[in-house]
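Have the viewer open as you read.

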Amino acid sequence: MTTDYVLETKGLTHEYARPGRSPLPVLAGLDLQVREGEIAAVIGPSGSGKSTLLNILADLDKPSGGEVRVAGERGVAYMPQKDLLFPWRTIEDNAILGLEVAGVKKKAAREQVAPLFAEFGLDGFEYVYPAQLSGGMRQRAALLRTVAMNRPVLLLDEPFGALDSLTRTQMQLWLAETWQRHGWTIVLVTHDIREAVFLSDSVHVLSPRPARVTRRFEIDLPRPRGAGTFALPEFAGLERQLLDTLLGSSS
Ligand code: ADP
Ligand code: MG
């Protein structure tokens, strides 16, 4: 594979063993190309294999076939679809969890995450417990924990999936702004067309299971993006093209 991308898969296949039945094919030759510093969305119907793909990219599961290449030695930080905060730990202690697992001492980990709280809208909430936060704040705390790992690539699995639509839009605006400052490379799994168009530089559209990429879109809407972006005529055009591709690939 070439080295133009920070993360790349080629012909990725995966199947799950099923007792007493033939294996379930989930990925069927999936090609993904992610450039440094971009937000690359992966959009596909529910059950198409998106979380399976991220598990493989995070090296939690071995693919049945094909290639995965992640540039550099430092790997990825993964926010799984159900990234639960531990209810008995404060937000700060949740935030340092990944670092602690990676062997960083508590005090050093706390110093490392401290500057992130203001940016994540969690200033003053370091010592409260997850149950005391709103849904949006809990998601930002889970994102903070992922970012705190300080890895070059973030894998986010439907990070705003469980939020009401207004909170979701607020989170999208916040992420666009925060990403603009940091320039993270993000693989964003979503089933929300509007979210994919608003946040991304490229969108990989998956077929229904077993998944492959039916089409890759470049989203060249101007940056920085904000509430006005949703009203751009090109925005509606891109939404329409994505919808057509998703519907076309499910017929
Ligand atoms: P998505 O995230 O796109 O909704 P998943 O990757 O979670 O899809 O799942 C794809 C398919 O693989 C689904 O049919 C799901 O039931 C199946 N699946 C997921 N994980 C496992 C597993 N560990 N063992 C067996 N089947 C699985
Ligand atoms: Mg999933």
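An open sheet of mixed pairing is built from 6 strands in the order 5-6-7-3-8-9. Strand 5 (76-79) and strand 9 (213-218) are its edge strands, each pairing on one side only. From one strand to the next, the twist averages 15°. Here, strands (E, at least two residues) and helices (H or I, at least four residues) are DSSP runs numbered from the N terminus, and two strands pair if DSSP finds at least two bridges between them.

This is a predicted model, in which local features need pLDDT of at least 70 and side-chain atom pairs count only at pLDDT 80 or more, while totals for chains, interfaces and linings use all residues. Residues are numbered from 1 along each chain as its sequence is written, chains are lettered from A and ligands numbered from 1 in the order in which they are written, and side-chain values use heavy atoms, with hydrogens and water left out.

| Strands | Sense | Bridges |
|---|---|---|
| Strand 6 (153-157) and strand 7 (185-190) | parallel | 5 bridges |
| Strand 1 (7-18) and strand 2 (21-34) | antiparallel | 9 bridges |
| Strand 1 and strand 4 (65-70) | antiparallel | 5 bridges |

Asp 157 stands opposite Val 189 in strand 7. Helix 9 (residues 233-248) packs on the sheet, touching strand 3, strand 8 and strand 9; contact means heavy atoms within 4.5 Å. The direction of helix 9 makes about 175° with that of strand 9, where axes are lines fitted to C-alpha atoms (for helices over the stretch in contact) and angles run from 0 to 180 degrees between N-to-C directions.

Strands 1 and 2 form a hairpin with 2 residues between them, and Gly 20 in the turn has a positive phi of about 75°. Arg 18 has Arg 21 in strand 2 as its bridge partner, while Glu 8 has Arg 69 in strand 4.
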